[in-house]
Amino acid sequence: MTEEKKIKIGKACNRINTVLFILFFINMCVIPIMNLVFFMTATAVIVILFIVCCIISHICLKDYKPEQTVKKGKK
């Protein structure tokens with residue numbers, strides 16, 4: 001797999017992690033009106049997907065260092 005493809009996969013996993021975190025937060029806020037079985041299942045699925053995406057993004061972006069722009073101008 002090329003480095004460019006690894007970077008794209010890692011960045012996509014980071015975006016998915018952001019969405020999963022928001023879903024987890026919403027899931028925790030609406031616990032009083034949800035069925036307990038559905039709540040437990042949804043929480044488990046979100047946590048497992050979050051862990052898998054974290055591991056994949058860590059592996060793909062392990063050696064990735066974004067280019068830093070150097071500002072030219074007065075000191």
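Is Ile-22 buried, partly exposed or exposed, and at what relative accessibility? Ile-22 counts as partly exposed, at 46% relative accessibility (buried is under 20% relative accessible area, exposed is over 50%, and partly exposed sits in between, with a 1.4 Å probe and protein chains only). Everything here comes from a predicted model, where local features need pLDDT of at least 70, side-chain atom pairs count only at pLDDT 80 or more, and totals for chains, interfaces and linings use all residues. Residues are numbered from 1 along each chain as its sequence is written, and side-chain values use heavy atoms, with hydrogens and water left out.

**View 1. The whole protein is built on two helices and zero strands.** Helices (H or I, at least four residues) and strands (E, at least two) are DSSP runs, numbered from the N terminus. Of the 75 residues, 17% are buried. The accessible surface comes to about 6,600 Å², and carbon and sulfur atoms own 70% of that (Shrake-Rupley method, 1.4 Å probe; for residues, only the protein chains shown count as cover). Take the contacts with a separation of 6 or more: 66% of them link residues 24 or more positions apart (contact means heavy atoms within 4.5 Å).

**View 2. A nonpolar patch sits on the surface.** Its members are Phe-21, Ile-22, Phe-25, Ile-26 and Phe-50, with about 510 Å² of accessible area together. Helix H1 (residues 3-29) supplies the largest share, four residues, and Ile-22 lies in that helix. Patch residues need over 30% relative accessible area and no salt bridge; like charges are joined within 9 Å, and nonpolar side chains (Val, Leu, Ile, Met, Phe, Trp, Tyr) within 5 Å.

**View 3. Helix H2 (residues 36-60) and its buried residues.** With 25 residues, H2 reaches 36 Å from its first C-alpha to its last, close to the 36 Å expected at 1.5 Å a residue (the expected span is 1.5 Å times one less than the number of residues). Its buried residues are Phe-39, Ala-42, Thr-43, Ile-46, Cys-53, Ser-57 and Cys-60, and what covers them includes H1. Leu-23 lies in H1 and is partly exposed, at 41% relative accessible area.

**View 4. Asn-17 is buried in helix H1.** Its relative accessible area is 7%. Leaving aside residues up to four places away in sequence, Asn-17 touches Phe-50, Cys-53, Cys-54 and Ser-57.

**View 5. Glu-4 and Lys-8 meet in a salt bridge.** The N to O distance is 3.8 Å, and the count for the structure comes to one salt bridge (a side-chain nitrogen of Lys or Arg within 4 Å of a carboxyl oxygen of Asp or Glu). Because they are four residues apart in helix H1, Glu-4 and Lys-8 are separated by about one helical turn. An α-helix has 3.6 residues a turn, so residues three or four places apart point the same way. Glu-4 is exposed at 55% relative accessibility, and Lys-8 is exposed with a relative accessible area of 55%.

**View 6. Cysteines, but zero disulfides.** Cys-13 is in no disulfide; its nearest cysteine sulfur, that of Cys-53, is 4.6 Å away (a disulfide is a pair of cysteine sulfur atoms within 2.5 Å). Cys-13 is buried at 8% relative accessibility, and Cys-53 is buried at 11%.
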